[in-house]
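Please read it alongside the sequence and coordinates.

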Amino acid sequence: MPELASPHRVIHALQVAPRQVLRGHDLLQSSGEAIAQLGKRPLVVGGDRTLQQLTPALQKLAQHHPLNLDFASYSPDCSENSLTQLHQKVNQHQGDLILGVGGGKAMDTAKLLAHQCQLPVVTIPTSGATCAAWTALSNIYSDQGAFQYDVPLSHCPELLILDYSLIQTAPQRTLVAGIGDAIAKWYEASVSSGDSPETLIIAAVQQARVLRDILLQKSSLALQNPGGEDWCAVVDATVLLAGVIGGLGGANCRTVAAHAVHNGLTHIPAAHHALHGEKVAYGILVQLRLEEMVQGNQLALTARQQLLKFYQEIGLPQTLEDLGLGEVTVAQLRHSAEIACRPQSDIHRLPFPVSPEQLMAAMVSTTLLPDSPRETVEGGVKVV
C-alpha cells in the first residue's frame with residue numbers, strides 16, 4: 001500500500017519554471033510548431049496597442065500552421081470584469097489555448113484566464129519590464145488600475161517565447177523599469193529569507209544576489225547598446241532569472257516592502273502613468289529607509305546610497321516627485337500607506353512591525369543622506 005501522508009507533514013507544491021522556454025532573435029515566426037503542439041484554436045490576449053502591432057505577424061504565423069486565431073483585449077485592466085468578458089470570448093471561440101502577448105498585465109491576464117479555463121498558456125513578452133511571463137502568479141487590479149489581490153496559479157506557463165528582436169522594439173523605459181523590478185528581488189529576499197535554513201530558499205536568495213550583481217554591472221552598458229550581448233543578458237535577468245528566484249523561493253521570498261509600496265501607490269490615480277518596475281524601484285528605497293529608521297541599520301544606508309547612484313545613472317525614480325507625485329496630498333499619501341500596511345500585506349515580511357506613519361516618513365525621505373539637513377517630526381511624520 002502507498003504510504004499515507006502524515007497529518008503533520010506539510011506538502012509544498014513548487015512552480016519553478018515554464019515547461020519550455022524558447023529564446024533568441026527573430027524567434028516568433030519560427031515558434032508556430034511549438035504553439036500548435038499545445039492547441040489549434042488559440043485566443044490571443046493582450047492590450048489594444050500590442051494587438052494592433054502583432055496581429056499581422058501572428059496571422060502570418062497561423063498561415064503556416066494549423067492555428068485558428070482569435071483576438072481579445074484585456075482592457076481596461078487585469079480586473080475581474082475583464083476576466084469575465086474574456087471567459088465569454090474563450091467560449092465563443094471554443095478556444096483550446098491562451099496566448100498572452102504584451103507587458104506584465106497582459107501576461108497576468110492570460111495566465112489567470114488559462115488557469116480558470118483549465119487551458120494551456122503561452123506567454124510572449126513584448127518588453128523586459130517584468131518577469132510575469134515566467135511566474136505562476138497573477139495580480140488582480142480594479143478597472144481603474146488599483147491593486148486588489150494576487151492569485152497563485154497551479155503551474156508556470158507551458159511555453160515562454162522570449163524574442164529579443166520583439167523586445168527590442170519596446171521603449172527603453174520599459175527595460176529600465178524591468179531592472180528596477182528585478183533588482184528588488186535581492187533587497188526583499190535577503191531581508192525576509194536571508195536566515196532561512198531551507199535549501200531552495202537559500203538558493204533563491206543567492207540567485208537574487210547574482211541577479212543584483214548582473215544588473216549593477218551590466219545595465220548601463222546594456223542600455224547603450226540595445227540588442228547587444230549585455231542587453232540580452234539584462235533581458236534574461238529581468239524576464240527569466242527574476243522568475244527563477246520567485247519560483248524557488250516562493251511567496252515569502254518573492255515580495256516584501258518594495259512591492260507593498262507599489263501596491264499602495266496604485267491607489268493614487270496620479271501614479272498610474274508610472275510603470276510597475278518604476279514604483280517597485282522607488283519602493284526599494286523606501287524599504288531601506290525603513291530599515292535605517294526602525295533598526296538603525298547602517299548597511300541599509302550604504303545600500304541606499306549605492307542604489308541612488310545607480311538609479312541616477314540609468315534613470316529610475318528616486319522620489320515621489322520623480323514618479324509624478326510631487327503634488328500628492330497628505331490624505332492620498334496616508335491612504336496609500338494604510339493600504340501598504342494592511343494586515344495581509346507583504347510589508348509584514350519585514351523583521352519588524354511598520355506603521356503607516358513610519359511608512360509615510362520613509363516615503364518622503366528616500367534621498368535623505370547623513371549630510372542632509374536634520375529631520376524634524378511633525379504630527380508623527382518626518383518632514384525634511
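Leaving aside neighbours within four places in sequence, which residues is Leu67 in contact with? The residues in question are Gly32, Ile35, Ala36, Gly39, Lys40, Pro42 and Ala62. The model is predicted, and the points below are grouped by topic.

**Leu67**

- Leu67 sits in the loop that runs between α2 (48-63) and β3 (70-73).
- The relative accessible area of Leu67 is 10%, which is under the 20% limit, so the residue is classed as buried.
- Among the contacts of Leu67 outside its sequence neighbourhood is Ala62.
- Ala260 lies 193 residues away from Leu67 along the chain, and the C-alpha atoms of the two are separated by 41 Å.

**Helices α10 and α13**

- Two packed helices are described by the angle between their axes and by the distance between those axes.
- For α10 (residues 257-265) and α13, the angle is about 135 degrees and the axes are 8 Å apart.
- The crossing of α10 and α13 is right-handed.
- On the α10 side, the contact is made by Ala260, Val261, Asn263, Gly264 and Leu265; on the α13 side, Ser336, Ile339 and Ala340 take part.
- By class, this contact of α10 with α13 comprises five nonpolar and three polar residues, with no charged ones.

**Asp346**

- Asp346 belongs to the loop between α13 (330-340) and α14 (356-363).
- With a relative accessibility of 14%, Asp346 counts as buried.
- The side chain of Asp346 forms a polar contact of 2.7 Å with the side chain of Arg349.
- Not counting residues up to four places away in sequence, Asp346 touches Thr255, Val256 and Ala257.

**Ser127**

- Ser127 is placed in the loop between β5 (121-125) and β6 (137-141).
- Its relative accessibility of 10% puts Ser127 in the buried class.
- A polar atom of the Ser127 side chain lies 3.3 Å from the backbone nitrogen of Ala129.
- When residues up to four places away in sequence are not counted, Ser127 touches Gly102, Ile167, Ala170, Thr174 and Val239.

**Backbone features**

- Ser75 and Pro76 are joined by a cis peptide bond, with omega at about 10 degrees.
- Pro76 is part of the loop between β3 and α3 (80-93).
- Gln94 is not a glycine, yet its phi is positive, at about 55 degrees.
- The loop holding Gln94 lies between α3 and β4 (97-102).
- Is Gln94 buried or exposed? Gln94 is exposed, since its relative accessible area of 60% is over the 50% limit.
- Gln118, also not a glycine, has a positive phi of about 55 degrees.
- Gln118 occurs in the loop between α4 (104-117) and β5.
- The relative accessibility of Gln118 is 74%, so this residue counts as exposed.

How values were computed
Residues are numbered from 1 along each chain as its sequence is written. This is a predicted model: local features need pLDDT of at least 70, side-chain atom pairs count only at pLDDT 80 or more; totals for chains, interfaces and linings use all residues. Side-chain values use heavy atoms; hydrogens and water are left out. Helices (H or I, at least four residues) and strands (E, at least two) are DSSP runs, numbered from the N terminus. Buried means under 20% relative accessible area, exposed over 50%, partly exposed in between (1.4 Å probe, protein chains only). A polar contact is a pair of N or O atoms within 3.5 Å; within protein, one must be able to donate a hydrogen and the other to accept it, and residues adjacent in sequence count only if both atoms are side-chain atoms. Contact means heavy atoms within 4.5 Å. Axes are lines fitted to C-alpha atoms, for helices over the stretch in contact, and angles run from 0 to 180 degrees between N-to-C directions. A crossing is left-handed if the near helix is turned anticlockwise from the far one by less than a right angle, and right-handed if clockwise. Ala, Val, Leu, Ile, Met, Phe, Trp, Tyr, Cys and Pro count as nonpolar, Asp, Glu, Lys and Arg as charged, and the others, Gly among them, as polar.
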